[in-house]
Amino acid sequence: MNHCSTIEQRVDIISQMLAQPRHGLVSQLSRTYQVSRQTLYRWAASGRKALHEAMGAPLVPLKQKTSLATLVLTLLIENHARYRGIQSTLKRLHGIRISIGSICTIIQDAGQRAQAWMNRQRAQAPRTLALDEQYSSQRGKAYLNVIDVHSGQVWASIPPVAVDGESWTLVLWSLSEQGIEPVHTVSDGGRAIADALSHLELDQTHQRDVWHLFHVAAQVQGRLERAVKAEQDRLPALQRQAERVAAGKHVQGRPSGRTLHQQHIVLAQMQSVADAVRYLCEQLHALLDVVVLHDGAIMSSSFREQELQTIVALLDEVAMLAQPGLQQHLAMLSKQLRLALPHALLFARLLDGSQEQALSRLGSQAVALLAWAWQRRSVLGPSSQDLLRDLPSLWQAQASLLFTAWDRAVRASSAVENWHSIVRPHLAVHRTLSAGMLALLAVWQNHRIAPRGLHEGLSPLQRTGSTEDQPDWLAALGYPVLVV
């Protein structure tokens, strides 16, 4: 219903509401001009919209080469949008009214295309695969993910299934039918993955993720240090009690189970255990590094294994000196290391051949120097190729082979953890992801160009050496590319 106010009055009202908003202004304007509050708010919204359009923020028209499906999929994948968020964004920015059902239809069709694209993936050579589960809200079920370690290409991402050896066996069989054969695998040591690899006779080429071992060691070390801190915090109270007893006064509060002298003895023992575990954990980190120098020479995998077995034995001895409540944590760490040891050094055994060849041709001192420089490549390089240019010409061929072997050594399943970080925001929005949605994410990830870092300007497909002729993920699925 039109109001009898003039245009000038409306402009004045809107200007006050937008430029000088304050408490009580709307009520004052409503009484002065005899206009309802709802009408005033509507006028203000119209004025704000007109200002946006006048200042260069009009509704963005849908370009001819940009399809509605392209917009929907871009908002879904790259903006982590909900279906209703897609609906409101299209209406606000493009003036497009679309139903939730139409959005679902577009996404389902795209998911089917993405699944077909994923099934057509092929590997030109055997690959190193990172395997891991990402647990869902369904009890006992998880998303199963297989990622290329060196390129980050997503080979498979399966909706929630039972976490057991049979599920993983089916996933690996499916990849084998596509010609994707693992030359090596790496995981966090889950039982289901181990069962599948054993069934497929791939367990001898399996690398245990070392970062999970470091994480367990850090957790145990943290518990020890917190226990020491708790006992240290008891010292002031015991000191006050000892002073009152020495002065012949009555002890206040609950009596302590230890005297001040006994507390110092217990604290010294706990601190000794914490220091010993800290030292052993530091040695664990050093021994599981790619290159380990010892007495001016490179440490072989067999020597490393002996040292790691010594660490496990020392942990067992230290556990016997710890407080009863902490012994179980040290025993758990020792058990984890003992179980992981056969597979934690696969990367080191694979390096032995290259290192022995370099030793025979260049000598131990030269190889030790190369190892020292490679460990500091971020400062001297910053890459291995930069290091090669500063080496003697007679060393360069052999050093190139050695640097390449060290650069491509696989110790961790960080590639699949990176994929988890991509999936996690979409799980937070949608709660659960279908096979089509996972395939869409995988196609997007495989075509995504790295904006920075070692792989700047390259997509996972390019790093794998794929012959895919479509550089854009939407074009690969048959949609027009978004025109900017």
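Biologist: What should I know about the model first?

Modeller: Residues are numbered from 1 along each chain as its sequence is written. In this predicted model, local features need pLDDT of at least 70 and side-chain atom pairs pLDDT 80 or more, while totals for chains, interfaces and linings use all residues, and side-chain values use heavy atoms, without hydrogens and water.

Biologist: How do strands pair in a sheet?

Modeller: They pair through backbone hydrogen bonds, either parallel or antiparallel. Strands here are DSSP runs of E, at least two residues, and helices are runs of H or I, at least four, numbered from the N terminus. Two strands pair if DSSP finds at least two bridges between them. This open sheet has five strands in the order β3-β2-β1-β4-β5, with mixed pairing. Its edge strands, β3 (154-162) and β5 (206-208), each pair on one side only.

Biologist: How many bridges join β4 to β5?

Modeller: Three bridges join β4 (residues 182-187) to β5, and the two strands run parallel. T185 stands opposite H206 in β5.

Biologist: Which strands does helix α19 lie across?

Modeller: Helix α19 (residues 414-430) lies across β1 (127-135), β2 (141-148) and β3, at about 35° to β1. Contact means heavy atoms within 4.5 Å. Axes are lines fitted to C-alpha atoms, for helices over the stretch in contact, with angles from 0 to 180 degrees between N-to-C directions.
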